[in-house]
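The following paragraphs walk through a single structure. Please keep the sequence and the coordinates in view while reading.

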Amino acid sequence: MKIIKIIAIIILGLFAIGLIAGKASGISLLSLNMHDEIYSEDGMALGGYDPVQLYANGEAILGNEDIQTDWKDLTWRFTTEENQSTFLANPEQYIPASGGHCAFAVGKGFAAPGNPNFAYRTKDGKVYLFSNKEVMEDAMNNIDQVVRDADINWDK
């Protein structure tokens, strides 16, 4: 009986360490709801990339620190004042799917950082981000399923 208690304590300890390490690296289980609604780094949405530029041209271009706004407790940067105005007219339209988290990870039940440099735009205009080139290349082998899984898990 004592061995079972020791094993249970060890398992719980390892689980807690995993949760802490995962949160520190930006990775968490979606089911635990420990992720941010919109992925950010130190309060900067999309790592400072212009969301309007991402949707309009599929380009990941860093915004200007002189052209920024706060929305949903995050700072959003833009390449032009026109893009800033466009965003402010309908901000929800420019939020990548899964809140900018990596679509592949979300499809597997995890929240991991998405990177605007690795974006996929669907025919209907939704933008999905991936964490890096390798993950995006893997996802492209079965992109319809990846997108479907990400949407299902994000909406839970």
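With a relative accessibility of 37%, Lys72 counts as partly exposed; buried means under 20% relative accessible area, exposed over 50%, and partly exposed in between (1.4 Å probe, protein chains only). The model is predicted, so that local features need pLDDT of at least 70 and side-chain atom pairs count only at pLDDT 80 or more, while totals for chains, interfaces and linings use all residues. Residues are numbered from 1 along each chain as its sequence is written, and side-chain values use heavy atoms, with hydrogens and water left out.

Lys72 sits in the turn of a hairpin formed by E4 and E5, which have 2 residues between them, and Lys72 has a positive phi of about 55°. Helices (H or I, at least four residues) and strands (E, at least two) are DSSP runs, numbered from the N terminus. Strand E4 (residues 64-71) and strand E5 (residues 74-78) run antiparallel and are joined by 5 bridges; two strands pair if DSSP finds at least two bridges between them. Across this pairing, Gln68 stands opposite Arg77 in E5.

The structure holds 3 salt bridges, a salt bridge being a side-chain nitrogen of Lys or Arg within 4 Å of a carboxyl oxygen of Asp or Glu. Lys72 forms one with Glu37, and the closest N and O atoms are 3.0 Å apart. Glu37 lies in the loop between strand E1 (28-29) and strand E2 (40-41) and Lys72 in the loop between E4 and E5, so the pair ties together parts that are 35 residues apart in sequence. Glu37 is exposed, with a relative accessible area of 52%. Lys72 also meets the side chain of Glu92 in a salt bridge (3.6 Å, N to O). Here the link runs from the loop between E4 and E5 to Glu92 in the loop between helix H3 (81-89) and helix H4 (103-107), 20 residues apart.

Elsewhere, Asp151 and Lys126 meet in a salt bridge at 3.3 Å, N to O. Asp151 belongs to helix H6 (residues 143-155) and Lys126 to the loop between strand E7 (115-121) and E8, 25 residues apart. Asp151 is partly exposed at 21% relative accessible area, and Lys126 is partly exposed at 33%. Through shared partners, salt bridges join Glu37, Lys72 and Glu92 into one network.

A nonpolar core is a set of buried Ala, Val, Leu, Ile, Met, Phe, Trp, Tyr and Cys residues joined through side-chain atoms within 4.5 Å. The largest such core has 17 residues, and those with the most contacts inside it are Ile38, Trp71, Trp76, Phe78 and Phe87. Helix H2 (51-57), E4, E5 and strand E8 (127-130) each supply at least two residues of this core. A second, separate core of 14 residues includes Ala103, Met136, Ile143 and Ala150.

A search of the whole structure finds 6 aromatic pairs. Rings of Phe, Tyr and Trp (its six-membered ring) pair if their centres lie within 6.5 Å; planes under 30 degrees apart count as stacked, over 60 as edge-to-face and the rest as tilted. Trp76 and Phe87 form a tilted pair, 5.0 Å centre to centre with 35° between the planes. Trp76 lies in strand E5 and Phe87 in helix H3, so this pair ties together parts that are 11 residues apart in sequence. Both Trp76 and Phe87 are buried. Tyr55, Trp71, Trp76, Phe78, Phe87 and Tyr94 form one aromatic cluster.
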